[in-house]
Amino acid sequence: MSNTEGFDVEFVRGLFPSQCWDWAFFENAGGSYVPNSVIDRLTAYMRETQVQPGAHYPASALAQDRMDEGRRLMAAMIGADMDEVSVSPSTSFNVYVLANALRPLWNDGDEIIVANQNHEANAGPWHRLAERGITVKEWKVDPQSGSLDPSDLDELLTDKTRLVAFPHVSNLVGEINDVPLITQKVHNAGAMVCVDAVAYAPHRAIDVKAWDVDFYLFSFYKIFGVHMGCLYGKREHLLEAKGQYHFFIGEDETSYKLNPAGPQHEMFASLVGIADYFDAVYSHHFGTPANSLHERTKACFELASQHEEKLSAQFLDFLTSKKSVRLIGTSSASRHDRAPTFAFSVAGRSSQEIPPLLEVDKVAVSAGNFYAYRLASALGYDPDDGVIRASMVQYNTEAEVNMLIKALDRVL
Ligand SMILES: Cc1ncc(COP(=O)(O)O)c(C=O)c1O
């Protein structure tokens with residue numbers, strides 16, 4: 001498995017509807033575009049198997065197979081088994097349900113630690129447990145850079161700590177937190193981790209087993225899929241968590257007991273299209289298929305992250321040359337340090353006023369707190385104004401980044 005030519009971004013763009021490329025799109029951290037393979041799987045389900053799944057007649061059996069295949073492949077993609085993932089409407093939903101499923105296992109006075117670098121999805125449901133007898137401590141970012149320092153955990157962890165909730169990558173800071181190191185530290189203290197990987201998953205391969213994480217979450221609509229969320233949990237933790245679905249769904253039904261919304265049939269089936277996408281990217285760059293989807297996805301992300309690193313360097317060169325710009329997170333473009341998600345503000349200007357000014361150049365960025373409300377406040381921003389955010393994924397091009405730079409330069 002090797003490729004010396006680099007990432008073929010034009011090939012990759014050809015896998016998406018052509019209208020995607022009418023604008024230079026930099027709101028990918030809000031949600032990525034969806035390739036034709038996902039749209040095809042979704043419409044095939046709707047056209048051919050629009051029936052209640054799980055019965056014996058052929059259309060119903062096929063519907064169930066298509067749904068199961070979606071979940072099976074997504075579990076395989078992150079190196080997990082199918083009974084270790086719960087697919088549901090969103091990550092916000094998954095954390096909310098998880099917090100309620102774990103609370104009965106804990107005693108009054110037990111502690112959890114919540115990073116203020118989190119998107120509210122991995123903060124609010126944990127903070128709410130303070131109303132139900134749990135002591136909630138905050139793991140605070142550096143107020144200037146937005147970085148999280150793992151050594152700050154040393155004085156927060158106690159023998160009463162049950163769980164630490166933090167992001168793999170913050171949707172504003174963009175830095176890659178050292179998940180294996182933090183997880184090890186937390187495990188040494190006898191607690192579990194709940195990692196929000198929504199802003200990480202679009203950029204790097206996931207390996208839940210290698211990292212030994214307890215709970216790990218991401219959303220498919222940020223990685224070329226539909227609006228759904230994935231919760232991975234270690235089997236023993238999922239078995240222990242208290243089911244939140246119908247009373248007759250058994251505690252051993254780990255894939256279903258934490259989705260009180262019930263399965264979203266056509267959406268489950270569409271997940272196969274994400275695997276189709278990575279298979280197409282893999283075959284184009286590496287030829288013969290690697291034996292597992294996990295390996296294929298890893299190889300694709302490895303190549304794509306080198307492309308992303310070039311885009312990061314190009315944009316950071318510009319941003320750091322502007323005295324009026326405050327960049328959140330590291331100015332290193334290294335793919336080992338950050339994802340290509342850039343939040344910044346401009347001295348003396350409201351963040352909200354900037355994005356509309358880029359529209360004449362057909363450049364799409366956005367501004368706000370992006371539901372990282374606590375983080376925006378900790379960084380000293382008015383959360384209603386927030387920051388400007390430009391975020392890239394593997395299908396963005398150097399030409400598009402040039403358009404972004406030119407448009408921003410004119411406005412600044
Ligand atoms: C880092 C991060 N975590 C969590 C979420 C919430 O995901 P969902 O919309 O699936 O609830 C988002 C959404 O933008 C996010 O960026």
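User: In which sense do strand 3 and strand 4 pair, and over how many bridges?
Analyst: Strand 3 (residues 111–115) and strand 4 pair in the parallel sense, over five bridges. Strands are DSSP runs of E with at least two residues, helices are runs of H or I with at least four, and both are numbered from the N terminus. Two strands pair if DSSP finds at least two bridges between them. Before we go on: this is a predicted model, where local features need pLDDT of at least 70, side-chain atom pairs count only at pLDDT 80 or more, and totals for chains, interfaces and linings use all residues. Residues are numbered from 1 along each chain as its sequence is written, and side-chain values use heavy atoms, with hydrogens and water left out.

User: Nice. Which residue is the bridge partner of Ile113 in strand 4?
Analyst: That is Lys137.

User: And what order do the strands of the seven-stranded sheet have?
Analyst: The order is 2-8-7-6-5-3-4, in an open sheet with mixed pairing. Strand 2 (85–88) and strand 4 (135–139) are the edges; each has a single partner strand, so one side of each has no neighbour in the sheet. On average, neighbouring strands here are turned by 15° against each other, direction ignored.

User: What does helix 4 touch when it packs on that sheet?
Analyst: Helix 4 touches strand 2, strand 5 (161–167), strand 6 (192–196), strand 7 (215–219) and strand 8 (229–233), and its direction makes about 155° with that of strand 7. Contact means heavy atoms within 4.5 Å. Axes are lines fitted to C-alpha atoms, for helices over the stretch in contact, and angles run from 0 to 180 degrees between N-to-C directions.

User: Switching topic: what does the domain assignment give?
Analyst: It gives domain 1 (9–35 + 296–411) and domain 2 (41–273); such bounds come from an automatic or database domain assignment. The C-alpha centres of the two domains lie 25 Å apart. Their contact takes 39 residues from domain 1 and 36 residues from domain 2.

User: Where does the largest pocket lie?
Analyst: Domain 1 and domain 2 both give residues to its lining, so the largest pocket lies between them. Its volume is about 530 Å³. On a 1 Å grid over the protein atoms alone, a pocket is an open set of points with protein on both sides within 12 Å along at least five of seven lines, a cavity is a set where a 1.4 Å probe fits but cannot get out, and lining residues have an atom within 4 Å of a point. Grid points are joined across faces, edges and corners, and a volume is the space filled by probe spheres set on the points.

User: Which residues lie nearest the centre of the largest pocket?
Analyst: Of the 30 lining residues, those are Ser92, His119, Tyr221, Lys222 and Tyr371. Helix 4 gives the largest share of the lining, three residues.

User: Where is the second largest pocket?
Analyst: The second largest pocket also lies between domain 1 and domain 2, because both give residues to its lining. Its volume is about 230 Å³, and its lining includes Tyr200, Arg204 and Glu302.

User: How many cavities of 30 Å³ or more does a search find?
Analyst: One, in the whole structure. About 60 Å³ of space lies in the largest cavity, and Met77, Phe218 and Phe301 are among the residues lining it.
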